[in-house]
Amino acid sequence: MTTLIKPEQLPIWVPGQLTVCSSDAGWDGISVRGYRYAGSDVLVPPMRDFMIVAYRRGTTPMRRRVDGQWLEEQLAPGDVSLLTRAADSHWVWDSDIEVVHVYLTQEELAATCKQMYERDIQDVELRDEVKADDPAIHHTAMLIAREAAHGGAGSSLLVESLSCQLAVHILRRHAHVLFRESHTHDGLTFRQERAVRDYIHEHLSENITLDDIAASVALSRYHFARRFHASTGTTPHEYVLQQRVARAQTLLIRTNYPLLDIALTCGFADQSHLNRVFKKHTGVTPGHYRKHS
C-alpha cells in the first residue's frame with residue numbers, strides 16, 4: 001500500500017523557507033503552509049491531501065508531470081496550481097518564487113461534495129491544472145494564509161467558512177466526482193465523467209450539442225443524458241450553461257474584453273443571451289458583476 005505524505009512532510013522533498021503555518025491553529029479538514037523557494041527540480045511522492053498552490057511573489061516557467069504527461073505554463077503572482085491527492089508529481093521551475101499551499105483533506109472535500117449533491121461519493125479527483133484560470137481561488141487562499149499568520153477573534157469560524165467556500169468552488173469548476181452506483185440506475189464511469197467534462201471545457205466557445213457530448217463517450221444521446229444526470233444530479237444542458245457562466249465570470253474579472261466578445265468566447269449566441277443566462281445564474285448582470293468584483 002502506497003504511503004501518502006502529510007503537508008508537514010513536504011519539505012523533505014521540496015526544501016524551502018517556511019513563511020506561514022497553520023499547524024497550531026486547530027483547524028479541521030484544512031491547513032495552510034507558505035514557502036519561499038529557489039528554482040528547483042523536485043519529485044513529490046503521493047500526498048494525503050488535495051493541494052492548492054497560490055503564487056504570491058516571483059514569475060517563472062513551471063513544468064509539471066502527473067501520470068506521465070508534462071505540462072508547462074508561465075506562472076506569476078495571482079496564479080494557482082492544483083494537484084489531486086495520492087498522485088506522484090514532478091515539478092521543475094527556474095526562478096525564485098513565494099507560494100501559499102492550502103491543503104484540503106479527502107474527508108473535507110468528500111463531505112462537502114455529498115452535501116452539494118445529496119449523494120454518496122465514491123471518489124473525487126482534481127483536474128491536472130498547472131495554471132488554473134481562477135482568481136477566486138487565489139483570493140481565498142490569501143485570506144486563509146492571513147488568518148494563519150495573524151488570527152484573531154472568530155478566526156476558526158472564518159476559516160471554516162472560507163474552507164467551505166473553497167471546497168464548493170473547486171468541486172464546481174476543477175474536480176471530477178465519481179458517485180456510488182445506484183441500485184436503480186447506473187451513472188457514468190469516472191473516466192467517462194472526466195472525458196465529458198474535458199470535452200465541454202475544450203469546446204465551450206462552440207455550439208455543443210447533446211449528440212456531440214454523448215459521442216465523446218460513445219453513448220447514445222438517450223443513455224448518455226440518463227447516465228449524466230444519475231452521476232451529476234443535473235442535465236448536460238444545465239451543466240454546459242454553468243460552465244459558460246463560470247468562464248464568463250473569470251473573463252469579466254481578469255480582462256477588459258467587451259461583453260459581446262466575452263459572450264462569443266463563452267459560447268453564448270450574443271450579448272443578450274449572455275445577459276439573460278448570467279443574471280439567471282448569478283442574480284446580477286455581467287456589467288454589474290464586473291463593476292463590483
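Helices (H or I, at least four residues) and strands (E, at least two) are taken here as DSSP runs, numbered from the N terminus. The structure is a predicted model, in which local features need pLDDT of at least 70, side-chain atom pairs count only at pLDDT 80 or more, and totals for chains, interfaces and linings use all residues. Residues are numbered from 1 along each chain as its sequence is written, and side-chain values use heavy atoms, with hydrogens and water left out.

Two sheets can be followed in turn. Strands are said to pair if DSSP finds at least two bridges between them. Strand β4 (residues 50-57) is joined to β7 by 4 bridges, and the two run antiparallel; A54 stands opposite V80 in β7.

Contact here means heavy atoms within 4.5 Å.

The other open sheet has 4 strands, ordered β3-β8-β5-β6 and paired in antiparallel fashion. Because β3 (40-44) and β6 (69-75) stand at its edges with a single partner strand each, one side of each is left without a neighbour in the sheet. Direction ignored, neighbouring strands of this sheet are turned by 15° against each other on average. Between β3 and β8 (residues 89-93) there are 5 bridges, in an antiparallel arrangement, and V44 stands opposite S89 in β8.

The interior may be considered next. In soluble globular proteins, nonpolar side chains tend to be buried together. A nonpolar core is a set of buried Ala, Val, Leu, Ile, Met, Phe, Trp, Tyr and Cys residues joined through side-chain atoms within 4.5 Å, where buried means under 20% relative accessible area, exposed over 50%, and partly exposed in between (1.4 Å probe, protein chains only). The largest such core has 33 residues, of which V32, I52, V102, L104, L109, I144 and L166 touch the most other members. Leaving aside residues up to four places away in sequence, L166 touches I52, V102, L104, I137, T140 and I144. A second, separate core of 22 residues includes I5, V14, Y37 and W91.

Finally, A111 is found in helix α1 (residues 106-117). This residue is partly exposed, with a relative accessible area of 37%.

Terms used:
Axes fitted to C-alpha atoms, helices over the stretch in contact; angles between N-to-C directions.
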